[in-house]
Amino acid sequence: MPESKQAHMELAIQVDGYTVTDSAFGKPYIDRDEWRDSPYPHRNIHGGFAGCDTRFTFYYPPAADYKSRMFQPIEGAHAGHEDAFDGLMGQMLGGLPMIVRLGGYMVESNSGHIGDSLDAKVGPDPTVYGHRASVETARFSKYVAAQVYGEAPEYAYVWGGSGGGRRSPLCLEYGAGVYDGALPFMGGGPIDEHGTTDRIRSEQPVHFGCMFNVQRLLGDDIKLVIDAMRPGGSGNPFVGLNSHQREELNSLYRLGYPRGDEFMISEPMGQIWLWTSISDMLQEEDAEYFANFWTKPGYVGFDNPEYVQDDLINCRVKVRKVITAGELLQSPEFAGPEYARAKPMAMMMAARGADFPLAVQLEGMHEGYLLGTGVKVLTGDAAGRQLYCTSFAEDVLFCDGRNEANLLRFTGVKPGDEVQVDNRAFLAFCYYYRHHVSDDPANDFLRLDGVPIYPQHDMPLQSPLMGVAYSGKYEGKLLWIHHTHDASLWPPQGVIYRRAVELAQGEQGLSENFCLRWTENAEHVPPTFLPSSPDRATPTWLVDYLPHIEQGLADLVDWVEADKKPAATNYQFVDGRIVLPDSAAERMGVQPVVTMTANGSSRAEVERTGSVNFELHAAVPPNAGSIVSVEWDWLGQGQFEEAENLQGAKDELHITKRHSFDKPGTYYVTAKVMSHREGDLNATFRRLSNLASVRVVVAG
């Protein structure tokens, strides 16, 4: 055993001296304590608390890397895994190597539950899943760290995105004395008084129904919308649509769907997972709505059945084949582009084993709208299990569900078993937003003189796994990062917590303890994990936000430990959208600002072999570093193969280039600009990117 490894492992961890602060958790135990060399050398400790489902993993790098800091990432979605940041998703977000670069050790909790199931002891208590399990885990990690390093960490930080962005502020709000700072990104949710123990009533999942409805109603017409909103397009997304399509698309924009990311309407990601997770709960707790939709005036299913009748599915069919994660990833049978959207999830599911059954091929499925449809197993060993379709390719359905169904999927299902395929609940959900209107001003178009246009039902409860409402009351510092093109947590969700802090802490507390930073052209996941349109690669309009998160964590550390407040982004929130200033000096924040023209416009039309003049302007905000690279993609296929030869880092650049095209076609020429805080041209990490595109149409 190498000396550093031996020194790090020589003392056995003692747990008897630890006193649990929260009575929901029993005595801590450790069932694994070993040295691991991957993904970075560290002491790996796994365990839990007796009498409950809370589990944890601690990752302690060598003492030479330790700068007396603890970092606790909170898993996204509903959580439920204490090793998420040791897997594919965690490595995507930086994982342990990033934490080591920041001088800390890493703590993971399963947020008090296993998979998507509730703890039998705790029941539906949202406080445990929202923050208490994570806070107790953090406390115990400090106790263990004192044995590993000889001292507990001086500073502690909690952070996370999506569902982790939903819960990490709660850890700071209810973890006084445990954490010093938090960095939620892509979070959101309602506001309530500090100390609430109620489950959340939220409009966020309600609005997803409108997005699904636009996808369903537009079908191939979504291509018209995408084209209009791309660079060089008309800017009018309604051209060519019928009246009902226009109404629903307008509703989607008014509710906050990000302009410029319309391609993702046709490629639902986490939104459809959320439907599968809450569908049973909605139908149980809001059964009146799902009945009224088909039987009462004021609801589309009754008043305008023509809007849904061609998409209806309600039939009993047989399973032809059960498909495993390994088959989907490796078999040539599933190599076609129609399976691409299911493969990122399959990669994560493969961690449970290549034989994990996540899809079925059904007999006789030829008509109807499959996304979101219910699939209930009627016969065989898995009879009674309710699942919902998250993705499909012809007659192959990929499904998920809640509780045990989330963990098992199609385990126990065999060819010949019968299933009921029924999408009536999902079609009703597509219009759910009309009948669950909150007080948020974004919903004003659904009211007249304060009175809702449509019959109303109570705002639905979210799963207890999402925790409680925000209060904005906390000790420490909080840096919130949100993305302008997030199709899963839309931009309006990014401004809610600012209001919570202002209400709880006043203007002074808001100024001293809160910072909001926007990442332009960023989605819910990095572009490498998203599908691309055949004529335009996703990396030509979306940037990788992960370096922004690492830079944000470094800035949070400086804020807490050196009282150096991070740079916020100036913005306006207008008509459901975020509007950023055009210049870097006005916009502030940390991201470079990039603009480009082709022959002086956003669109150039030329003859074949004709050349186009491109003008690029890029600048970094004050004190945000320097531009360290400029890369060009002339064909819009995500291949940035030409790079500028920069003679040193620059604060601002103006580049003129001339380029010709040999073949007719439409090209989304894109320039990607990266900056670095220290202006290091060779830096590997914290390279912050932004981009700009123009459309070039080359005649035949």
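This is a predicted model: local features need pLDDT of at least 70, side-chain atom pairs count only at pLDDT 80 or more; totals for chains, interfaces and linings use all residues.
A residue counts as buried when its relative accessible area is under 20%, and Thr137 is therefore buried, with a value of 0%.

- Leaving aside residues up to four places away in sequence, Thr137 touches Phe49, Thr54, Phe56 and Phe58, together with Gln72, Val107, Glu108 and Ser109.

- Tyr18 lies in the loop that runs between helix H1 (3–9) and strand S1 (28–36), and its relative accessibility of 12% is why it counts as buried, given that the cut-off is under 20%.
- Among the residues that Tyr18 touches, when those up to four places away in sequence are not counted, are Pro28 and Phe49, and Phe49 is also one of the residues touched by Thr137.
- With Glu136 the link includes a polar contact of 2.5 Å, which joins the side chain of Tyr18 to the side chain of Glu136.
- Tyr18 and Tyr179 are separated by 161 residues in sequence, and their C-alpha atoms are 19 Å apart in space.

**The crossing of helices H4 and H5**

- The crossing in which H4 passes H5 is right-handed.
- By residue class, the contact of H4 with H5 is made up of five nonpolar residues, three polar residues and one charged residue.

**Ser251 in helix H8**

- Ser251 is found in helix H8, which covers residues 243–254, and a relative accessible area of 7% is the reason that this serine is considered buried.
- Apart from residues up to four places away in sequence, Ser251 touches Cys210, Tyr433 and Phe445.

**Backbone features in loops**

- The peptide bond from Ser38 to Pro39 is cis, its omega being near 0°, and Pro39 is found in the loop between S1 and strand S2 (42–49).
- Ala77 has a positive phi of about 55° although it is not a glycine, and its place is in the loop between strand S4 (69–73) and helix H2 (88–92).
- With a relative accessible area of 30%, Ala77 is partly exposed, because that class lies between the limits of under 20% for buried and over 50% for exposed.
- Asp575, likewise a residue other than glycine, has a positive phi near 55°, and it is found in the loop between strand S18 (572–574) and strand S19 (577–579).
- The relative accessible area of Asp575 is 45%, so this aspartate is also classed as partly exposed.

Definitions and conventions
Residues are numbered from 1 along each chain as its sequence is written. Side-chain values use heavy atoms; hydrogens and water are left out. Helices (H or I, at least four residues) and strands (E, at least two) are DSSP runs, numbered from the N terminus. Buried means under 20% relative accessible area, exposed over 50%, partly exposed in between (1.4 Å probe, protein chains only). Contact means heavy atoms within 4.5 Å. A polar contact is a pair of N or O atoms within 3.5 Å; within protein, one must be able to donate a hydrogen and the other to accept it, and residues adjacent in sequence count only if both atoms are side-chain atoms. A crossing is left-handed if the near helix is turned anticlockwise from the far one by less than a right angle, and right-handed if clockwise. Ala, Val, Leu, Ile, Met, Phe, Trp, Tyr, Cys and Pro count as nonpolar, Asp, Glu, Lys and Arg as charged, and the others, Gly among them, as polar.
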